[in-house]
Amino acid sequence: MIDYDLQLKLQAHLDGELSPAEARGIQARLARDPEARALLAELTATTAALADFEDGRRLPESREFFWSKIEREIHRDASSASPSAALPWWAGWRRWLVPIGTAAMVALAGLMATRPGLAPEAEAELADPGAFTYRDYTARTTLVWLSYPAEKEFPADDGSDTMD
Amino acid sequence: MRLRMSVEASAAWLVCALVCIGLGEGKLQAADAKLKLEAQLIWATTDHQSPDPSHKPVDADILKKLQDLPLKWTNYFVVNRKIMEVSTVGPVKMAMSEKCEIEVRHVGNGTVEVALFGKREPLVKRTQSLPKGETLVLGGNAPNATAWLVVLKRLE
C-alpha cells in the first residue's frame, strides 16, 4: 500500500516539480517498488489522456489577472446576495416601528382622554334662565352666577330667604 | 432569519398589547377613583368684618381666585366648610346651610356633576372636569348688596 506522501511525490515527479535530490530518491524507490511503478504508470497514462482533451487555448492576460477578475466577481455576488447590506440602516427598525408607533398612538389617545384639560368641558342645565357662566382660564376658575335669590325680592332687613 | 424577525415582531406586538391593556386598566381605575372635594359656602361683602363672629375670612388661595373674578365684593367670609368624598357609585348630597344644598357625583375621569338646591328646589346642575387646581364657583346676589357663593375645589 502506497502512502499518501509517496503518491504526492510521484505526482510531483511526473510534473517535474521535485528537486534533483528528491528525484533521485523517487527513482530509487521506483526501482525497488513495483507498486510505485504501477502508480506512476497510471498517473502518466492519465496525464496523457487529459492532455488530449485540452484545446490549448491561451488567456489574453496573465493567470493572476484572470483569477483576480474571477475573485472580484465572487465577492460582488456574495455582497449582493446579502439583503441586509443592500437595505438602508433604518430598514431593520421597521418591524419595531410599526408596533411601537401603534403603542405610542394608543398611549397618546389614552393620555388625551385621561388628562385633565385646561379648559374643562362643561354643560349645565340651568333652572334659572337669568344665570350666566364666566370662565377665567388663567385662574382656572369657573363662575356660574345665578339670579336666585334676586336681590330685589329680599329686602335688606329680611335675610330669611338668602342662601347664607 | 424570517423566523427571528417574526419572533421579534411578535414580541413588539405583545408589548403594544400590554401597553394598551395597562392604559385601559389605568383608565378604568381613574374612572372608579374617589375624589375628595372641599365645598365652602361663602358670604361676599364690601364690609371688612362679618356681623357673625363665627365667620372666618376665606383662605388666601380662594381669596386670590375670587379677587380674579369680575366680582364687585372685596371681602369674603366662610359661612360653612364641608369635605366630601365622591365616587362613581352615587351622588353625595350635603347641606351647606339651612336652605342651600349641593349634590355632587363623580362621573369619572375627574369630572363631577354638581347640582345646587335652594330651599330644596334645583337651581342648576353642572357637569365639569375638576382636576386639582380647578375651582367651580356658584353664586348669586344676597340682601344688602352682598352675595353668596358656593366654592367647590378638589383636594385629592
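Helices (DSSP runs of H or I with at least four residues) and strands (DSSP runs of E with at least two) are numbered from the N terminus. The model is predicted, so local features need pLDDT of at least 70 and side-chain atom pairs count only at pLDDT 80 or more, while totals for chains, interfaces and linings use all residues. Residues are numbered from 1 along each chain as its sequence is written, chains are lettered from A and ligands numbered from 1 in the order in which they are written, and side-chain values use heavy atoms, with hydrogens and water left out.

**View 1. The elements of chain A and chain B.** Along the sequence, chain A has the pattern α-α-α-α-α-α-β-β-β, which amounts to six helices and three strands. Chain B, with two helices and nine strands, reads α-β-β-α-β-β-β-β-β-β-β.

**View 2. An aromatic pair in chain B.** Rings of Phe, Tyr and Trp (its six-membered ring) pair if their centres lie within 6.5 Å, and planes under 30 degrees apart count as stacked, over 60 as edge-to-face and the rest as tilted. Over all chains, this rule gives two aromatic pairs. In one of them, the ring centres of B:W43 and B:F77 are 6.3 Å apart and the planes stand at 35°, so the pair is tilted. Because B:W43 belongs to strand β1 (residues 35-45) of chain B and B:F77 to strand β3 (residues 75-86) of chain B, the pair ties together parts that are 34 residues apart in sequence. B:W43 is buried, at 10% relative accessibility, and B:F77 is buried as well, at 6%.

**View 3. Charges over rings.** A charge sits over a ring if NZ of Lys or CZ of Arg is within 6 Å of the ring centre and within 35 degrees of the ring normal. In chain A, A:R135 lies over the face of A:Y137, 5.0 Å from the ring centre; in chain B, B:K93 lies over the face of B:F117, 4.1 Å from the ring centre.

**View 4. The buried face of helix α2 of chain B.** Helix α2 (residues 60-68) of chain B has B:I62, B:K65 and B:L66 as its buried residues. Seen down the axis of α2(B), these residues fall within an arc of 95° (taken from the directions from the helix axis to the C-beta atoms), so they line one face of the helix.

Terms used. Buried means under 20% relative accessible area, exposed over 50%, partly exposed in between (1.4 Å probe, protein chains only).
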